[in-house]
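Subject: Structure handover

Hello,

Please find the structure below. My notes on what was found in it follow.

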Amino acid sequence: MTVLDLKGLTKSYGSFKAVDNISLRLEDGEFLSLLGPSGCGKTTTLRMIAGFITPTEGTIHLDGEEISSPRGVVPPERRHMSMIFQSYAIWPNMTVAQNVGFGLRMKRLPKDRIARQVDETLRVVQLGHLAERYPAELSGGQQQRVALARAVALQPKVMLLDEPLSNLDANLREEMRGEIKRMHDEFGITTVYVTHDQSEAMAISDRIAVISAGRIEQLDTPYRLYSRPTTRFAAEFIGRTNLVDGRRNGARLEFDGFSAPAPAGTGGADGPVLVSIRPQTLRLVPRTDDIAPDIPGARVLPGSVADRTFLGERWDYGLSLATGGAGLRAAGPPEENFETGSAVWIAIPERAIVLVEDAPLMEAAE
Amino acid sequence: MSAETDIDTGRRAGWRAPRFDWTIAIFVVLALLLVVLVASPLSRLVIESFSDPKTGAFTLQNFAAIFGRARYMTAYWHTIQLAAVTVALALFFALPMAFAVSRTDTPLRGLMYFGVIGAFIIPPFLGAIGWILLAGPNAGWLNQLWRAVTGFEGPLLNVFSMWGLAFVIAINVFPLIFIFATSAFDLISSEMEEAAAIHGAGPLRTTWLITLPLALPAVLGACMLVFLETIALYGTPALIAIPARYNVATTQLTTFFEYPAKVELAMAFSVPMVLITIVLLVIQRLMLRGGTVAVSGKGGSRQPMKIGGWKWVLLGHGAFVTLLAVVLPAGMLITTSFSVAWAKPPSFDNLTLANYVEILFEQQTVRDAMWNTIKVALSGATICTAMGFLLAYTVIRKLVPYAQILTFLTLAPVAVPGIVLAICFYAAYAGPPLSLYGSSLLIVIAFVTRFLPISFLSCSSGIRSLNPELEEAVRIHGGSRLRALTDVVAPVLKKSLLGVWILVFVICSRELSTAMFLSSYQNRVISILTLDLSEQGEYEMLAAMGVVLLAITTLVVVVGMRLLGRDFMLRRN
C-alpha cells in the first residue's frame with residue numbers, strides 16, 4: 001500500500017511562488033497527472049516529491065512518514081521512488097542491462113536475482129534482444145523504453161515522469177503513451193506524471209490536477225474535467241471551448257441575445273456568471289428566412305459565418321451573432337459546408353451550457 | 001558541394017567579363033607561405049636524419065648511432081618515466097578541482113579559478129625558479145623553515161630530483177586537465193546524476209559510477225596532452241634536471257649542439273619523439289570522438305550537487321593546489337626581486353629596489369631581451385592571428401581547390417615538439433643562403449609556425465559558427481567577397497580574433513623551447529635570458545625580470561578577461 005500525501009506544499013524563490021499551497025493525495029496505484037502550461041510549477045512539484053528540492057512550506061508524507069518539509073528532506077536515493085526524465089538520462093557509459101539493473105544493484109541484491117529481474121523487465125518492454133547494447137546504438141523510442149524499464153525494474157513505491165514524451169515524434173508518442181499505461185496497469189505503481197499536453201493527460205490518467213501559476217485550479221477525473229470544468233482556466237486549457245459571460249437572474253441565465261434555464265442543481269444569487277459551450281455541441285442550419293427552425297431543447301440564434309478553416313476531420317467556423325455580442329466558434333462535420341458570409345441559424349443545446357463560475361451566494365442572503 | 005557551386009559561379013562570372021581570378025592567387029600565396037613556414041623546415045627532419053652530414057648521401061648511420069648508445073636510451077626512458085609521474089600528479093591536482101568547480105556546491109569556487117588561471121599565466125621556467133628558491137636542498141626557504149622548526153639537519157624537500165621535477169611541471173600544466181575535465185563535466189546534464197540518485201545511489205556512488213566515467217574520455221585525452229607537453233618541455237628540465245643529473249630527451253638534444261654541432265644526430269634523436277607525439281595525438285583524437293556525450297533529449301538544467309562535508313575537503317584541496325601553484329612561487333619571486341640576497345631572511349637591510357633599477361635602466365642585455373620579447377610577441381601574435389584567420393576562412397568557405405592541403409600543412413607543427421621545431425628551423429634557415437641566425441625574424445617565423453595551429457583552430461570554430469548567408473547577403477547586394485570579409489566576417493568575429501591574439505601574445509612572450517638554437521646574444525628573448533641568469537646564480541635580478549614579465553602578462557590577460565569574459569584563455573582548443 002502506497003499513499004503519497006502533499007499538504008500545503010509551497011516553494012518560493014524570493015517573492016515569487018513557483019508552487020503555491022498545493023495539497024493532494026494519491027491513493028495506492030493511482031495515476032495522477034500534473035497538467036499545466038510551462039512555468040506553472042508542475043515540474044517543481046514533481047522535483048519536490050523526488051526530493052531534489054526542499055519545500056519552503058508544507059510537507060510530503062509517504063505512507064504516513066514525513067519525507068519532505070522545510071526542516072529537511074529524505075535524500076532522493078532513500079525514497080524508494082524512480083523517475084523518467086525529460087532527457088531520459090540513460091547513462092551512455094552503461095549497457096541497457098546495466099542501466100536497467102542499476103537501482104537493483106544499489107539495493108545490493110544478489111547478482112543472479114538482478115540478472116533475472118532485468119531480463120524479465122526487458123522482456124516486458126520488448127528490449128530483451130538489446131540487453132548488451134549501449135544506449136548510443138538505440139533509437140529514440142528504444143531509449144525511452146530503457147528509461148521506462150529502468151524505472152519499473154526497481155518496483156518503486158512511486159514512479160515519477162517528467163514530460164517523458166515531449167522529445168518523441170507524434171507516432172512514437174502515442175505508442176509510448178500506451179506503453180506507459182500498460183506498465184502502470186501491469187505493475188500497479190503509484191504514478192505522478194507531469195505534462196503540458198492535455199490530450200496526453202486525458203488519455204493516460206486516473207485523475208488530473210490542472211495547475212496554473214503554482215496553484216491547483218481543478219483536481220478531477222479526465223471526464224469530469226472536460227465536461228464540468230470549474231474555473232475559467234481549466235475550461236480553456238482542457239479542449240477548445242466558447243466561454244460566454246452572462247448574468248444569473250433567478251432560475252435563468254441571460255446572455256447577449258439569448259437566455260436559457262439555469263442547469264438543474266445549481267443555484268447562486270443573481271449576478272455575473274461564466275459558462276462554457278464546446279464548439280462541437282453547436283449545430284448550424286442554413287438561414288433563408290426569418291422563421292427560426294424549431295429544435296427541441298435548444299436555443300436557436302441568427303448569425304453568419306465570419307471565417308472558416310478546413311481541418312480535415314471537421315470545419316472550424318468563426319460565427320458572429322446577428323444580435324451582436326461576442327462571436328462563437330463551432331465545429332461542423334466535413335460534409336456540411338457553409339461558405340464564408342453565409343447566413344446560418346446557430347442551435348445551442350441547453351444541456352451543453354456548462355456553468356463554470358456561478359454567481360456567488362451572498363452570505364447575507366443565507 | 002558548396003565548393004563546386006562557388007567555383008562554378010566564379011567561372012561563369014569570369015567567362016562573361018574576363019577578370020583576374022584572385023582565389024588562385026590567394027591559394028598560391030598561402031601555399032607558398034606554408035611551404036616556407038612548415039614544409040621546408042619540417043622536411044629537414046626527415047632529410048637530415050637520413051643523410052650523411054659530409055656527403056649528403058642516404059644513410060641509416062645516424063639512427064644506429066642514436067640507438068646504439070645507452071646514454072641516449074636512458075634519456076628516452078627518463079623522459080617517459082618523468083611524463084608518467086607528471087601526468088599522475090597533474091591528475092591529482094586538477095581532477096578534484098574540476099569536479100568541485102563544475103559539479104558541486106563547494107564554496108569559494110572563484111578561488112579555484114584564480115589558482116588555475118594563475119598557474120596558466122606563470123611561465124613554466126618562472127614557476128621552476130620559484131620552486132628552486134623554495135625547495136632547493138640547502139638554501140630553499142621551505143627547507144630553511146623546516147630546519148628552524150624541527151632542528152633536523154637534512155632537507156625536507158629536494159627540488160633537484162625526478163619527483164621534484166615532475167612536481168614542478170605538474171603544478172604548471174595541471175590547468176590543461178582542468179580545462180578538459182570541466183568542459184566534459186559541464187556537458188553532463190544533471191539529470192544523469194539525478195537519475196542515479198532517484199534510483200538509489202548516494203552522492204559518492206553517483207560520482208564514481210556516473211559522473212567520472214562520463215568524463216573519462218576527455219580526461220584521458222587531456223592526460224595524453226600533458227604527457228606530450230612534458231616530453232617536449234625544455235625550460236624546466238634545463239633548470240632542474242641538469243643540476244639533478246637526470247638526463248631527459250630535451251636536455252640530451254641540447255648536447256648535440258655543443259661544439260662541434262651534430263645536427264644530423266639531433267634530428268635522428270628527434271624522430272622517435274615526433275612519432276610518439278603523432279601516435280598519442282591520434283589516440284587522443286579517437287578517444288574524444290568516441291567520447292560519451294549525453295545521448296538524447298534536451299540537456300536539462302544543471303544544478304550543483306550537494307555534497308555535504310565533502311565540500312570542505314574539496315575546498316581544502318583547491319586552496320592547497322592554489323598555494324602550491326600560484327601563491328608560493330609567485331610570492332617567492334616577488335620577495336626575491338626586492339632582496340639583496342634571496343637566501344637571507346627578510347629584513348630592512350635585505351630590502352632593495354636595486355634589482356629593478358638594474359634590469360630596467362642599467363643592464364643593456366636585459367633591456368634588449370625585454371624589448372626583443374615584446375617585439376617578437378607583438379609581431380608573432382599579429383601575423384599568427386591574421387594568417388590563421390585567412391587560412392581558416394579560405395579552408396572553411398572552400399574558396400580554393402585542395403583546401404585540405406592547406407589544413408594539413410597548417411596543423412602539421414602540432415606533431416612536432418617546440419625544441420625539435422627549433423632544430424628544423426635552425427637547419428633550414430640559420431645557415432646560408434638566408435643566414436637568418438641571430439635575427440629576430442627567425443624567431444618570429446618559428447613562433448608563427450608553432451602557434452599557427454592554435455590560431456587556425458580557434459578561427460575555424462568562429463567562422464564555422466557563422467552562417468554563410470551573412471556573406472551571401474553582402475554579395476547579392478553588390479559587395480565583393482573581400483568586402484564581406486572586412487565588413488561582416490571580421491567585425492562579427494572580432495572578439496574571438498582578439499582572444500586568439502591575446503592568447504598567442506601571451507604564449508609567445510614566454511616560449512622557450514622554440515627559441516632555443518635560434519637565439520644568439522643579439523636576439524635573446526626573456527625566456528632564454530632566464531636560463532643564462534639562472535646558470536650564473538643571479539636569482540634576484542632574474543626574479544625582478546620575472547615579476548615584470550608576470551605583471552605585463554597579467555595585465556594583458558585581465559584586459560582580455562574584461563573584454564572577452566573569464567574563460568577566454570581556458571577553452572579547449
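Helix 1 (residues 2-16) of chain B has the lowest confidence in that chain, with a mean of 46. Helix 4 (residues 70-103) of chain B has the highest, at 92. The score here is pLDDT, the predictor's confidence in each residue, from 0 to 100. Helices (H or I, at least four residues) and strands (E, at least two) are DSSP runs, numbered from the N terminus.

Residues 1-18 of chain B have a pLDDT below 50, and this stretch has eight contacts in the model beyond near neighbours in sequence. A contact means that two residues have C-beta atoms, placed from the backbone, within 7 Å. Residues 291-300 of chain B also stay under 50, and the model has 37 contacts for them beyond four places in sequence. Where pLDDT is low, the predicted coordinates should not be read in detail. Overall, chain B averages a pLDDT of 83, and 92% of the residues score at least 70. The model scores ipTM 0.75 and pTM 0.77.

Some ground rules. This is a predicted model: local features need pLDDT of at least 70, side-chain atom pairs count only at pLDDT 80 or more, and totals for chains, interfaces and linings use all residues. Residues are numbered from 1 along each chain as its sequence is written, while chains are lettered from A and ligands numbered from 1 in the order in which they are written.

Chain A

Chain A has eight helices and 21 strands. Its C-alpha trace spans about 80 × 55 × 35 Å along the principal axes. Of the 366 residues in chain A, 41% are buried. Buried means 20 or more other C-beta atoms within 10 Å of the residue's own; 12 or fewer is exposed, and in between is partly exposed, with C-beta atoms placed from the backbone. Among chain A contacts with a separation of 6 or more, 64% join residues 24 or more positions apart.

Look at helix 4 (residues 140-153) of chain A. Its end C-alpha atoms are 20 Å apart, which agrees with the 20 Å that 14 residues should span at 1.5 Å a residue. The expected span is 1.5 Å times one less than the number of residues. Eleven of the 14 residues in helix 4 of chain A are buried, including A:Arg145, A:Leu148 and A:Arg150. Their cover includes helix 2 (96-106), helix 3 (111-124) and helix 5 (170-187) of chain A, along with strand 7 (81-84) and strand 8 (158-162). Just after helix 4 of chain A, A:Gln155 takes a positive phi of about 50°.

Where the chains meet

The contact takes 27 residues from chain A and 22 residues from chain B. On the chain B side, helix 9 (190-198) and helix 10 (203-232) are the elements that give two or more residues. Helix 9 of chain B gives the most, with six residues.

Domains of chain B

Chain B is divided into domain 1 (1-49 + 353-573) and domain 2 (72-294 + 306-350). These bounds come from an automatic or database domain assignment. The centres of the two domains of chain B, taken over C-alpha atoms, are 26 Å apart. Their contact takes 36 residues from domain 1 and 41 residues from domain 2. Helix 24 of chain B gives the largest share of the domain 1 side, eleven residues.

Best wishes
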